[in-house]
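Here is a short briefing for a first look at a protein chain. Please keep the sequence and the structure in view while reading.

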Amino acid sequence: MKHIPYLTIALTNACNFDCNYCPSFEGGHGEGFNTANKRTDIKLIKEVITIAARLGIDKIRYTGGEPLLVPGLNELMYHSTSLGLHTAVSTNGSMLHKYWGIFEELRQDGNPIDLRISLDTLEERLSAQTWRVPVAVVQKTMENISEAADRRLLNRVGMVVCHENQSEVESIISYCSALRIDLKLLDLYNTDATKEAEWRNQFYPLHLVVKRLEPIIESRRQLEYTTSFGIPVEEITLITGIKVRVKDSTKGTRYQNSICTLCHSFPCQEGLYTPLLSTDSRLIPCRLVREEGKLRLTGENIVEQLTAVIELYKTSYLSTLFWDPLEVAA
């Protein structure tokens, strides 16, 4: 049986960071690339979440841009958790200190909620190379990550591995081990908004990282949940006690004949992974789909459009089609 995918909601394309690998475009940054950055429609989003839960979706992830910039995030988190939905927030962590109260309150009520924080390099390199933000903001971000770990609100951080930072994986592992949090490694994702030459220069194969970790690996297992959509993820337990999830796009991904094989980017790195509700109220089956594949949501068609997208995921298949044979061979 195929799993129903979770729903990602981009609350804004605005961000207070300027990460060098993040898709940038007119109007902002982030997962909702090439969509207009409009004012967040809280009422519509709540309606979409309610219907999504009714249709069997059991997880919501709020992202951006930087979702903590959106005043309505609190209201949306209360709404999704009240429906019993696993609620995740992907953030750069710089403003978490303003949100401790709501996260603690939601957790005390027994709601399934977790933070996803990006951490691609350690403090001495953050300002200049990866996040390009003031040193004071970097320091506050690191303090927030540490406090989130102390409060046991943070299960793991995510690191996008590229040539620029691949030598720091072991340092990040040591940092996570000290905080008793896990780590997720992702390779660099190429999109229409990414310069091809820059991506080729920066892409670093994750199998080379895993090979370096072999002396400290205690056990390995495939996460069954991730074999039903997107890239199969391996979970590696290290002798330090932390778990490292590896999302290696060269291991294959899921496609669907009616949407993927006709796509200009087929085969791509990620395939069908999670549908996205964009800031301009469009339901996007995958990030690389062109304009004709982006479904405009109104109060009248939410059930129809969500049902159609869920069916795409149910009929998807896993394939190891090489999206870039030269890089895979490397």
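The points below go from the whole chain to its helices, cores and cavities.

This is a predicted model. The protein chain holds 10 helices and 16 strands. Of its 330 residues, 56% are buried.

**The chain as a whole**

- Take the contacts between residues at least 6 apart in sequence: 71% of them join residues at least 24 apart.
- The accessible surface of the protein chain is about 14,100 Å². Carbon and sulfur atoms account for 51% of that surface.

**Helix 6**

- Helix 6 spans residues 169-179. Its buried residues are Val169, Ile172, Ile173, Tyr175, Cys176 and Leu179.
- Viewed down the helix axis, the buried residues of helix 6 fall within an arc of 160 degrees, so they line one face of the helix.
- Arg180 follows helix 6. The phi of Arg180 is positive, near 60 degrees.

**Helix 3**

- Helix 3 covers residues 100-108. Here Trp100, Ile102, Phe103, Glu104 and Leu106 are buried.
- The cover over these buried residues includes helix 2 (73-82), helix 5, strand 5 (86-91) and strand 6 (113-118).
- Gly110 follows helix 3, with a positive phi near 80 degrees.

**Nonpolar cores**

- In soluble globular proteins, nonpolar side chains tend to be buried together.
- The largest nonpolar core has 88 residues. Ile9, Tyr62, Met77, Phe103, Leu183 and Leu185 touch the most other members.
- Helix 1 (residues 42-54) gives the most to this core: seven residues.
- Which residues does Leu183 contact, leaving aside neighbours within four places in sequence? They are Arg156, Val157, Met159, Ile172, Ile173, Cys176, Lys243, Val244 and Arg245.
- A second, separate core has six residues, including Val160, Cys162, Leu188 and Trp323.

**Cavities**

- How many cavities of 30 Å³ or more does a search of the whole structure find? The search finds three.
- The second largest cavity has a volume of about 70 Å³.
- Lining the second largest cavity are Ala10, Leu11, Thr40, Asp41, Leu44, Ile45, Leu277, Ser278, Thr279 and Ser281.

Technical notes. Residues numbered from 1 in each chain as written. Heavy atoms only, no water. Buried < 20%, exposed > 50% of the residue type's maximum accessible area, 1.4 Å probe, protein only. Helix = DSSP H or I, 4+ residues; strand = E, 2+ residues; numbered from the N terminus. Arc of directions from axis to C-beta. Core = buried A, V, L, I, M, F, W, Y, C linked by side-chain atoms within 4.5 Å. Contact = heavy atoms within 4.5 Å. Areas by Shrake-Rupley, 256 points an atom, 1.4 Å probe, with all protein chains shown as cover. 1 Å grid on protein atoms, 1.4 Å probe; cavity = no way out; pocket = protein on both sides within 12 Å on 5 of 7 lines; lining within 4 Å. Points joined across faces, edges and corners; volume = space filled by probe spheres on them.
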